[in-house]
Amino acid sequence: MLNRRNGKNGFSSLVVDEELNSLAPYAATNAAISLYGSKAPLAAAWCAFSAQHEGREDDFHFWLRVFKLLLNRRSKPEIE
């Protein structure tokens, strides 16, 4: 499950829990967009940084993948 947690800098980060491990990166990408809108890549980057800093390598790779998917979406024009 994705939950918000307010950091001391006032930026909410996504909290990784057990259910997230079974969540596909594409679903996490959509959830991040729903929660953070245009700041979704920043939120995913923060989650990746936090996971790496805390030694959670699997979570780090997951959030890095989500971050890359978000950047890829941003660089492609929307089809109307």
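Predicted model: local features only at pLDDT ≥ 70, side-chain atom pairs only at ≥ 80, totals over all residues.
Q: What is pLDDT, and what does the protein average?
A: pLDDT is the predictor's confidence in each residue, from 0 to 100. The protein averages 78. At least 70 is reached by 66% of the residues.

Q: How many helices and strands are there, and how do they run?
A: Helices (H or I, at least four residues) and strands (E, at least two) are DSSP runs, numbered from the N terminus. The protein has three helices and two strands. Their order from the N terminus is β-β-α-α-α.

Q: Which element has the lowest mean pLDDT, and which the highest?
A: Strand E1 (residues 3-6) has the lowest, at 50. Helix H2 (residues 40-53) has the highest, at 94.

Q: Where does pLDDT stay under 50?
A: Look at residues 7-12. A contact means heavy atoms within 4.5 Å. The model has 10 contacts for this stretch beyond four places in sequence.

Q: What share of the residues is buried?
A: Buried means under 20% relative accessible area, exposed over 50%, and partly exposed in between (1.4 Å probe, protein chains only). Buried residues make up 32% of the 80 residues in the protein.

Q: Is Ala43 buried or exposed?
A: Ala43 sits in helix H2. Ala43 is buried, because its relative accessible area is 0%. Ala43 and Ala32 are 11 residues apart in sequence, and their C-alpha atoms are 7.4 Å apart in space.

Q: How many residues does the largest nonpolar core have?
A: A nonpolar core is a set of buried Ala, Val, Leu, Ile, Met, Phe, Trp, Tyr and Cys residues joined through side-chain atoms within 4.5 Å. The largest one here has 14 residues. Ala40, Ala44, Phe62, Trp63, Val66 and Leu70 have the most contacts inside it. Helix H1 (25-36), H2 and helix H3 (57-75) each supply at least two residues of this core. The largest share, six residues, comes from H2.

Q: Which residues does Ala44 touch?
A: Leaving out residues up to four places away in sequence, Ala44 touches Trp63, Val66, Phe67 and Leu70.

Q: How many aromatic pairs are there?
A: Rings of Phe, Tyr and Trp (its six-membered ring) pair if their centres lie within 6.5 Å; planes under 30 degrees apart count as stacked, over 60 as edge-to-face and the rest as tilted. The count is two aromatic pairs. Trp46 and Phe49 form a tilted pair, 5.7 Å centre to centre, with 35 degrees between the planes. Both lie in helix H2, three residues apart, about one turn of the helix. Trp46 counts as partly exposed at 32% relative accessibility, and Phe49 counts as partly exposed at 47%. The rings of Phe62 and Trp63 have centres 5.2 Å apart and planes at 90 degrees, so that pair is edge-to-face. Both Phe62 and Trp63 are buried.

Q: What should the 19 residues of H3 span?
A: The expected span of a helix is 1.5 Å times one less than its number of residues. For H3 this gives 27 Å, and its end C-alpha atoms are 27 Å apart, which agrees.

Q: Which residues of H3 are buried?
A: They are Asp59, Phe60, Phe62, Trp63, Val66, Leu69 and Leu70.

Key. Residues numbered from 1 in each chain as written. Heavy atoms only, no water.
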